[in-house]
Amino acid sequence: MAETSGPSASRLRRERERTEMRQRLLAAARAIATAEGWAAVTIRRIADHLEYTSPILYQHFAGKDALLRELVREGFREVAQRLRVAAEQPPDRLLPALARTYWDFAFEAPELYQVMHGLDGVPFGTAETPQEARDAFTLCRAALLRVAAAQGRRLDDPDGATDTFWACLHGFVSLAMSRRIAGPRERARDLMLGAVDVLARGFDR
């Protein structure tokens, strides 16, 4: 097959280079947040980190809020992908698998989790839920319906059950991140899994 050439090849190369640059900017923001916290992340700091000038960054993001919104989407996109894999478990292992997957994601990429949920002083919020977050919610909702069906139960309020499940996971993760649960991190994880088991048995009440 002949290689693409001419204007089309130039356009594809520019698009690839733009995508790569955006990813470098996002990675730099995460690196600064990991080292110093999100309060330290500014367009100027990102530019200095990459040895670029600030105007170059504004060619890719209108400002810090736009960059943070992209990180929120990136985080929910990744957690949704992981939850999709975990959702392949049979019903009797499904909810613990989702909970462990959510926990592992949060502590493997804590700086990303923080910006997704406005933690650690992230000066950012959005009134509109990103589609990627809706996708993750939909995956959890389908999992809860599947578990209930396998147990011969009916969820009268699937959205409420999903909100409760998500709140349980996020509550334990955020408390563990801020070291508000005594003992090692594994203890907080085990408490979360115990709460998930209780929720799974009580959704039909």
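Which residues line the second largest pocket? Here are some friendly notes to read alongside the model.

1. **What you are looking at.** This is a predicted model, in which local features need pLDDT of at least 70 and side-chain atom pairs count only at pLDDT 80 or more, while totals for chains, interfaces and linings use all residues. Residues are numbered from 1 along each chain as its sequence is written, and side-chain values use heavy atoms, with hydrogens and water left out.

2. **The overall fold.** The chain has nine helices and zero strands; both are DSSP runs numbered from the N terminus, helices being H or I with at least four residues and strands E with at least two. Along its principal axes, the C-alpha trace spans about 60 × 50 × 30 Å. Of the 205 residues in the chain, 40% are buried. Here "buried" means under 20% relative accessible area, "exposed" means over 50%, and "partly exposed" is in between, using a 1.4 Å probe and protein chains only. Among contacts (heavy atoms within 4.5 Å) with a separation of 6 or more, 66% join residues 24 or more positions apart.

3. **The second largest pocket.** Back to the opening question: the lining consists of F107, P110, Q114, A176, M177, R179, I181, G183, P184, R185 and A188. The volume is about 220 Å³. By class, the lining has seven nonpolar, two polar and two charged residues. In this scheme Ala, Val, Leu, Ile, Met, Phe, Trp, Tyr, Cys and Pro are nonpolar, Asp, Glu, Lys and Arg are charged, and the others, Gly among them, are polar.

4. **How a pocket is found.** Rolling a probe the size of a water molecule over the atoms shows where empty space is left. On a 1 Å grid over the protein atoms alone, a pocket is an open set of points with protein on both sides within 12 Å along at least five of seven lines, whereas a cavity is a set where a 1.4 Å probe fits but cannot get out; lining residues have an atom within 4 Å of a point. Grid points are joined across faces, edges and corners, and the volume is the space filled by probe spheres set on the points.

5. **Helix α6 and its partner α5.** Six of the eight residues of α6 are buried, so this helix is largely enclosed by the rest of the structure. The buried ones are E111, L112, Y113, Q114, V115 and M116. The axes of α5 (residues 91-108) and α6 come within 5 Å and cross at roughly 105°. Axes are lines fitted to C-alpha atoms, for helices over the stretch in contact, with angles from 0 to 180 degrees between N-to-C directions. The two helices are therefore roughly perpendicular; that word covers 65 to 115 degrees, with under 35 roughly parallel, over 145 roughly antiparallel and the rest oblique. From α5, the contact uses Y102, F105, A106, F107 and E108, and from α6 it uses P110, L112, Y113, M116 and H117. These residues divide into eight nonpolar, one polar and one charged.

6. **Helices α7 and α8.** What angle do the axes of α7 and α8 make where they cross? They cross at roughly 110° and come within 9 Å. On the α7 side, A136, F137, C140, R141, L144 and L145 meet P158, D159, A161, T162, D163, F165 and W166 of α8. This contact has nine nonpolar, one polar and three charged residues.

7. **A closer look at F137.** F137 sits in helix α7 (residues 131-150) and is partly exposed, with a relative accessible area of 21%. Not counting residues up to four places away in sequence, F137 touches D159, T162, D163 and W166. F137 and L83 are 54 residues apart in sequence, yet 9.8 Å apart in space from C-alpha to C-alpha.

8. **Backbone angles to check.** Most residues other than glycine have a negative phi, and most peptide bonds are trans. E51, in the loop between α2 (43-50) and α3, has a positive phi near 60° and is exposed at 73% relative accessible area. R179, in the loop between α8 and α9, also has a positive phi, about 60°, and is exposed at 72%.

9. **A buried loop residue.** H60 lies in the loop between α3 (54-58) and α4 (64-86). Is H60 buried or exposed? At 12% relative accessibility, H60 counts as buried. Leaving aside neighbours within four places in sequence, H60 is in contact with R18, M21, R22 and L25.
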